[in-house]
Amino acid sequence: MSSTHAGSTAASGKPILKSVPRLSLRENLAAVSAIRRDQLEFMQNAVRNHGDIFHMRLGGLPMIMVNHPDHFQRVLVDNHPNYDKDNFLYRAVRSVLREGLIGNIGGESWRHHRRLMQPSFHRSRVADFVVNITDLTAELFRRWESQLYVDDLVDVTTEIADLALRIVLRSLFGVDMDERSRKFAEEFVEVNTIVGDFFRFPFPPLSWRTPSRNRLRTLIKEMDGFVSHLIQARTSDDSERNDLFTRLLNARDAKTGTGLTPGQLANEILAMIVAGYETSSNSISWIFYQLAEHQEIQRRVQDEVDDVLGGRPPTFDDLPKLTYTGMVIDETLRLFTPAWHTMRHAIEEDVIGGYHIPKGSNIYLNLFIYHRHPDFWPEPTRFNPERFSPEEVAKRPRNLYQPYGSGPRLCIGKHFAQAELLIMAAMFAQTFHVTRPQGQPPVGFAPLITLHPKGGIHLRLRRR
Ligand code: HEM
C-alpha cells in the first residue's frame, strides 16, 4: 500500500484530496462488542479490511486510524506542531497523571517542562544510573535464588514492576522506598485496568459516581499520597544533589521567573514515576517470557553474556558489546511494544498520504499493529531477533520501528530504558535458566493504557 502526500492534480492545478474511507454504520456498531471482546484482533481485522487509513468510531468516539510509515512521519515528525494531545485518550490519561510531561497537551508549557527535565536523561546521567540498576537487580535475583529451594515458580510481572519502580525512584529522585513502592505498583495496575477499560468502552464518563469510578478516585488519592511522601522525604533531607527532583524544585520560568507550584511539582513527579517504571517492567516480563519460549535463543544469550561479562555485573561500557541480547530485546519490543497506542489531535486541517484530514480530527496510531505490518515485516508474528542484525536494520527505513515513538515527543527515558532492559536481561541470563511451567497456556495480551501480559507472567527458574 503506497502513500504520498500529494494526491493527483485537477485541471486547476490544485491537488485533488481524497476523503478518508469510513467504516459503515453497521461496522461501527459491530465494533463496540468486537472491541470489548478483543481490541487487538478488532484493530488487526479493520486494517486488513480497510487499509492503512480509515475513519472509525470507538465506543462512539470518532478517530482516524493511520498505519503507514509516511503517516507516522507526517503526524509525529514533519508536521508535529499541528498535532497535540488534546484528545480523549490523553484526557483519560490526564484524569490520573494530570498535566505531567506524558499527558501534557503540548505547546509552550510542554516545551518548558521537557527542557527542564531533558538534562536528567543525557547519556552521561544514564551511565551514572547503571550502578543503581545492577545493585537493585542483583538484590532481587539473590532473593529469587534463595527461594528456588522452596518454590521455583516466580511471579515475574509483580516482582519486576517493584524492581523497576525502585530503580526509577533511586535514580531520578534519590529515594529508597519501602514496601510502599510495591503497593504503589499494585495500585497502578488497577488504575491501568479501569482507564484501559474506559478507552475500550467510554461510558459512563470517569466523573460519574459508579463503584469503579469511585475506586479510581481512591487509587489516585493513594498514589498522590505516595508522591507526597516522596516529596516530604526529599525536602526534609538537605544534602546537595543534582537529580531530577532538584531540577524540578529549582525550576524557574524564563519569562516570569516563577517556579512550579506544589501541585505542578507533584504532577510531574507522579507522571515521571509511572512513565518510568511501567513500560520497562512490562518489557522485561515479555523478554524473560520470550527466553522461556525460545530455548535456543536463550542459550545464545547466555553464551554471549558469559563471553562478554565472564560472571561479573555489566558496566555501561559493556552494553554495546551485548549485541545479540540487544537484538532479542528489540524483537520483543517490536511484537510486545508496551506503549502500544497513542493519539494526536489535528489543530488545523492537514493532508496525510493524499487524504484530507479535517481540523479537530483524532489521529490514532497503534504501534502494536504498525510493528506487525505485513508489507514491511515478513512473517510478522514470528519471533525472530535476526531482523535486528545490523545488516537487516540498515535495509529498513528507520521509522518502521519506533517502540519509543518519534519526533519531539520521543520517549525522554529511551536511553535509560535501553540500559535498564539490557542490564536486567544480561544479569538474568547470567544467573538463571528459565522455562514456561508445564501445562501453563501461552500468555495473552491485556491491552490497558499499556500492553500487559494477561494474568501476569509466571515462570520456572533454575540456577545455571
Ligand atoms: C521500554 C520502556 C519504554 C518504552 C517502550 C517507552 C515508550 C514511550 C513512547 C512510545 C512514548 C511516546 C508517546 C507518544 O508520542 O504519544 C514515550 C514517552 C515518554 N516516556 Fe517512555 N517508554 C519507556 C520507558 C520510559 C522511561 C524509563 C521513562 C522515564 C524514566 C519514560 C518517560 C517517558 C516520558 C516522560 C514520556 C513523555 C515525553 C514527552 O511527551 O515529552 N519512558 N515513551
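So, which helix gives the most to the lining of the largest pocket? That is α13, with seven residues. A pocket here is an open set of points on a 1 Å grid over the protein atoms alone, where a 1.4 Å probe fits, with protein on both sides within 12 Å along at least five of seven lines; a lining residue has an atom within 4 Å of a point. Helices are DSSP runs of H or I with at least four residues, strands are runs of E with at least two, and both are numbered from the N terminus.

Please remember that this model is predicted: local features need pLDDT of at least 70, side-chain atom pairs count only at pLDDT 80 or more, and totals for chains, interfaces and linings use all residues. Residues are numbered from 1 along each chain as its sequence is written, and side-chain values use heavy atoms, leaving out hydrogens and water.

Back to our pocket. Its volume is about 1100 Å³, meaning the space filled by probe spheres set on the points, which are joined across faces, edges and corners. Among its 38 lining residues, Asp330, Tyr401, Tyr404, Lys414 and Gln418 are the closest to the centre. α13 spans 323-335, and α16 (414-431) also supplies at least two lining residues.

Now, the second largest pocket holds about 320 Å³ of space. It is lined by 20 residues, with Thr157, Thr158, Ala185, Val189 and His452 closest to its centre. Here α8 gives the most, five residues. The helix α8 covers 180-200, and the strand β12 (451-453) is another element that supplies at least two. Thanks, everyone!
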